[in-house]
Amino acid sequence: MHKASGGHTVEQEDESAIIRQCQRGSSRAFGVLVERYKQPAYFTALGFVGDHEAALDLSQEAFIKAYRAIKKFKVGHTFFTWYYHILRNLCFNHLRDATHRPRPFSEIGEHTLDTLADTAADPIVAAEANELKEMIWKGLNRLKIHEKEIILLKDFQDFSYKEIADLLQCPLGTVMSRLYTARKALKTELERIFAL
């Protein structure tokens with residue numbers, strides 16, 4: 001998975017060249033960016049909305065918006081950081097609609113955030129793993145959206161603290177304290193769920 005990278009790297013220089021081509025009107029060059037970031041984009045949207053079809057639609061819509069606005073992009077920045085804000089806004093707008101609520105884990109089917117637990121060959125172990133995933137997903141959906149977001153970025157997509165700070169445009173210390181608070185809130189929700 002390609003992620004927003006900190007510091008000045010060869011990949012960033014390569015990306016800057018691709019973006020310059022996009023800004024000159026190359027749709028082929030933009031296709032390179034889509035290929036590079038479509039997986040983290042999809043999983044970001046899926047984490048927010050919990051629906052495979054909606055996640056695909058929202059991530060694609062965000063790429064279309066990014067393509068239309070590419071001339072506003074400042075070369076030297078990371079594309080995914082810029083794109084993330086477009087996608088995030090679309091997901092938040094989607095969730096504000098009362099008809100769009102994050103689905104329970106069981107309805108996500110094969111398109112789940114598989115990093116929660118590996119499925120085992122033993123059916124009993126697999127069933128227990130799926131039950132745990134369901135509980136964690138339920139707990140995540142009870143969190144405030146910003147708490148859920150930071151857990152998804154760190155624990156599901158494995159972004160570094162620096163990358164999350166870039167994505168959320170906040171200091172490193174803020175990321176660490178927000179993550180601590182969010183994990184604590186998730187632990188509280190899970191204790192309530194398991195107590196039922």
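1. Before we look at how the helices pack, a word on axes: they are lines fitted to C-alpha atoms, for helices over the stretch in contact, and angles run from 0 to 180 degrees between N-to-C directions. Helices (H or I, at least four residues) and strands (E, at least two) are DSSP runs, numbered from the N terminus.

2. Keep in mind that this is a predicted model, where local features need pLDDT of at least 70, side-chain atom pairs count only at pLDDT 80 or more, and totals for chains, interfaces and linings use all residues. Residues are numbered from 1 along each chain as its sequence is written, and side-chain values use heavy atoms, with hydrogens and water left out.

3. Now the overall picture. The protein has nine helices and zero strands. Of its 196 residues, 46% are buried (under 20% relative accessible area, with exposed over 50% and partly exposed in between, using a 1.4 Å probe and protein chains only). Take the contacts (heavy atoms within 4.5 Å) between residues at least 6 apart in sequence: 70% of them join residues at least 24 apart.

4. Have a look at H3, residues 52–68. Its 17 residues reach 25 Å from first C-alpha to last, close to the 24 Å expected at 1.5 Å a residue (that is 1.5 Å times one less than the number of residues). Which residues of H3 are buried? They are His52, Ala54, Ala55, Leu58, Ser59, Ala62, Phe63 and Ala66. Their cover includes helix H2 (27–49) and helix H4 (79–96).

5. H4 also meets H7. Their axes come within 13 Å and cross at roughly 135 degrees, so H4 and H7 are oblique to each other (angles under 35 degrees count as roughly parallel, over 145 as roughly antiparallel, 65 to 115 as roughly perpendicular and the rest as oblique). On the H4 side, Tyr84, Arg88, Phe92 and Leu95 make the contact, and on the H7 side Ile145, His146, Glu149 and Leu153 do. These residues split into five nonpolar, one polar and two charged (Ala, Val, Leu, Ile, Met, Phe, Trp, Tyr, Cys and Pro count as nonpolar, Asp, Glu, Lys and Arg as charged, and the others, Gly among them, as polar).

6. Follow H7 (residues 145–156) on to H8 (residues 161–168). These two pack at an angle of about 140 degrees, with axes 10 Å apart, so H7 and H8 are oblique to each other. Glu149, Ile150, Leu153 and Lys154 of H7 meet Tyr161, Ile164, Leu167 and Leu168 of H8. Here the residues divide into six nonpolar, no polar and two charged.
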